[in-house]
Amino acid sequence: MRHFSFFLLPACLFAGRLLCSSAFADDTATPALKEAEAQYYRIVTLPVPEGVSLEAGALQWMGKGRLAASTRQGDIYFVDNTLEDPPAHLKFTQFASGLHEVLGITAKDGWIYATQRGEETRMKDLNGDGRADLFETVGDPWGINGDYHEYAFGSKFDKKGDLWIVLCLTGSFNSNSPFRGWCFRLTPDGKWVPTCSGIRSPGGIGTDADGVMFYTDNQGPWNGADGLKELRPGYFMGHPAGLKWFDDPATKEAIAASGLKKPQEPESGSRIYKEAKRIPEYMPPAIMFPYPEMGQSASGFVADTTGGKFGPFQKQLFVCDQSHSTVMRVFLEKVNDRFQGACFPFRQGFDSGNLTVEWADDGSLFVYGTDRGWGARGGHPFALQRLVWTGQVPFEIHEMRARPDGFIFTFTKPVDPQTAADPKSYTIKTYTTIFQSSYGSPKVDETTPTIKSVTVAPDGLSARLVVDGLMEGHVHELHLPGVKSATGEPILHPDAYYTLNQIPAN
C-alpha cells in the first residue's frame, strides 16, 4: 500500500510541469475577469505529491474530508483532509491500481464501483489495510478492440438504483465493437439493459437536480457543436454509426428484449429541429454549447443540490469544458416534454483540462483535470482543485426562460430599472448548425431578431423581453452589456445562449 503524506510546501516541489505545446495553452480570459470571479468563487489548489500522476479520472466524495479519485492510468486514490484551507495536511492512499482508464467511480454498500474501459468492476478492502483486495466483474456487455477512443463513462447510482454507462464510438467516428455509441443501464437486480443509441463522444454523465439522466457529447460528425442531451430510455441521440447493432445476430436479441425500436437514420445536411420532427425517437440536444465561445470539449457536470451552500444557483448544472479549462453554468426548463435552456460562463482560470466535478459536504466543488491527448488552456498535465463560494453574491443573470413572444431574464440582484428597460442594453442574434455526417459545422442560418420592448418587474429581479423573430431550433445568443444593478454594477457575465428547440405555446 502506498501512502503519501506531507505538509504544504512551495508549489514548485510538486508534480505539474507546464504544457509545452498545445493549441489551447493560451488562456484568453482577461486578468480582470479572473480577479472579479475570484471575489465570489475562489479556487483552492490541492497539491499532488511527487510520484502521483493524478490524471482525471473520476471523483467520489466519501465523507469526513475523504475524496476518492480515479485516474486515466488505472489508479484509485483516497485523498484525506481535503477540506483544509489551505490544504496543508493532505494524505494520498493508493486504494487500487492496474485498472484500465477509470472514467466513472461511485460507492454503494461498502463497495467502490469503477467504470473501466472494458467492464464495470466493484472492489472493497476486506482486511482494513486501506487497499482493495477483492475485485468483482459486475458486467461487460460491450466490446473493446484497442482503439484509443473507446472510452466508457459511468454515472452515480440514480434514484432507482440504476447505474448508467455511455460508450464512445471507435475512433469517435465508427462503431467497430459491440454497442459502441450506446448507453447501458445496470439495474439493481444485476441486469444490463441497452438504453439509448446514437451516442458519439461522451465527456461526462450525470443527473439534473430531479434525477433525470443527461450526458455531454462532443463536436464531430452529426454534432455541429458540443451538447448536453437527455438519456431518455428508448431514444436516439443522433449519430447513426451504432445502429448496426439492432441487426447484428450477436446483439439484436438483447436490444429487442429492452424494447428499443430502430430509428430512421438522419439526413445529412439537414437541421436538428427538422430531424426531430421527422424521427420520433431522436432526442435533440437540450443545450448546445456554442463553439468556441463556450468551449470546445464539454465534459463532466453536477447539479447544485447543496441547498444554497454554493450560492444562488440552486438546482442548476455546473458543466466542465476540458479544452478551455472552465466551468460553465446551465439552466434547464421543459417545453412540450423536451428539455431546453440556457448556458452561461461561470468560472475560468483552472490549472488543467477540467474533466469532472464532485460536491463536498460543505458545498464546495472539486474540479479534476487532465490534458493528455487533448490539450487544455490550463497548461498543467493534471490538477485537483476546489471551488469555494466566498459568501458574496455576484450580480448575474440567474435564469433565462422562453416565452411565446420572447424571454424572461431573472437576476441575482435587483436591476436598475432604467438601463434594464432599455432595449439598447441588449443585443441578440440566432443561428444553428448543419446536422451532417462530416465533422462539426459552422454557424448557419443566422438571423437578427428585434427586441421590441423590455418590462422590468416592480421588485427589479426580472425583465421580460418581447422579441420579434424567434427562431425554432436556433441558439439565441444574447448579450446584456448595458444592464446595471440597482447599485450600478455591470453583470459579471453578461452573456447568455439559449437553445430554443421549441417555442412555448403559452
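Which residues does Arg347 touch, not counting residues up to four places away in sequence? They are Lys34, Glu37, Ala38, Tyr41, Arg42, Ile43, Thr326, Val327 and Leu387. A contact here means heavy atoms within 4.5 Å.

This is a predicted model, in which local features need pLDDT of at least 70 and side-chain atom pairs count only at pLDDT 80 or more, while totals for chains, interfaces and linings use all residues. Residues are numbered from 1 along each chain as its sequence is written, and side-chain values use heavy atoms, with hydrogens and water left out.

**The chain as a whole**

The chain holds 4 helices and 33 strands. Both kinds of element are DSSP runs numbered from the N terminus: helices are H or I with at least four residues, and strands are E with at least two. For 506 residues, a compact globule would have a radius of gyration near 23 Å, and the chain agrees with this because its own value is 23 Å. That radius is taken over C-alpha atoms, and the globule rule is 2.2 Å times the number of residues to the power 0.38. Along its principal axes, the C-alpha trace spans about 70 × 60 × 40 Å.

Of the 506 residues, 60% count as buried. Buried means under 20% relative accessible area, exposed means over 50%, and partly exposed lies in between, with a 1.4 Å probe and protein chains only. Among the contacts with a separation of 6 or more, 62% come from residues 24 or more positions apart. The chain exposes about 18900 Å², of which carbon and sulfur atoms supply 51%; such areas come from the Shrake-Rupley method with a 1.4 Å probe, and for residues only the protein chains shown count as cover.

Arg347 is part of strand β22, which covers residues 338–347. With a relative accessible area of 6%, Arg347 is buried. A polar atom of its side chain lies 2.8 Å from the backbone oxygen of Tyr41. A polar contact is a pair of N or O atoms within 3.5 Å; within protein, one must be able to donate a hydrogen and the other to accept it, and residues adjacent in sequence count only if both atoms are side-chain atoms.

Val48 sits in the loop between β2 (41–45) and β3 (56–63). Its relative accessibility is 5%, so Val48 counts as buried. Lys160 is 112 residues from Val48 along the chain, and the C-alpha atoms of the two are separated by 36 Å.

**Backbone exceptions**

Most residues other than glycine have a negative phi, and most peptide bonds are trans.

| Peptide bond | Form | Omega |
|---|---|---|
| Ala56 to Gly57 | cis | near -15° |
| Tyr291 to Pro292 | cis | near 10° |

Gly57 belongs to strand β3, whereas Pro292 is in the loop between β18 (287–289) and β19 (298–303).

Two serines have a positive phi. For Ser172 the angle is near 70°, and for Ser325 it is about 55°. Ser172 is in the loop between β12 (163–167) and β13 (183–186). Ser325 is in the loop between β20 (317–321) and β21 (326–335).

Are these serines buried or exposed? Ser172 is buried, because its relative accessible area is 5%. Ser325 also counts as buried, at 1% relative accessibility.
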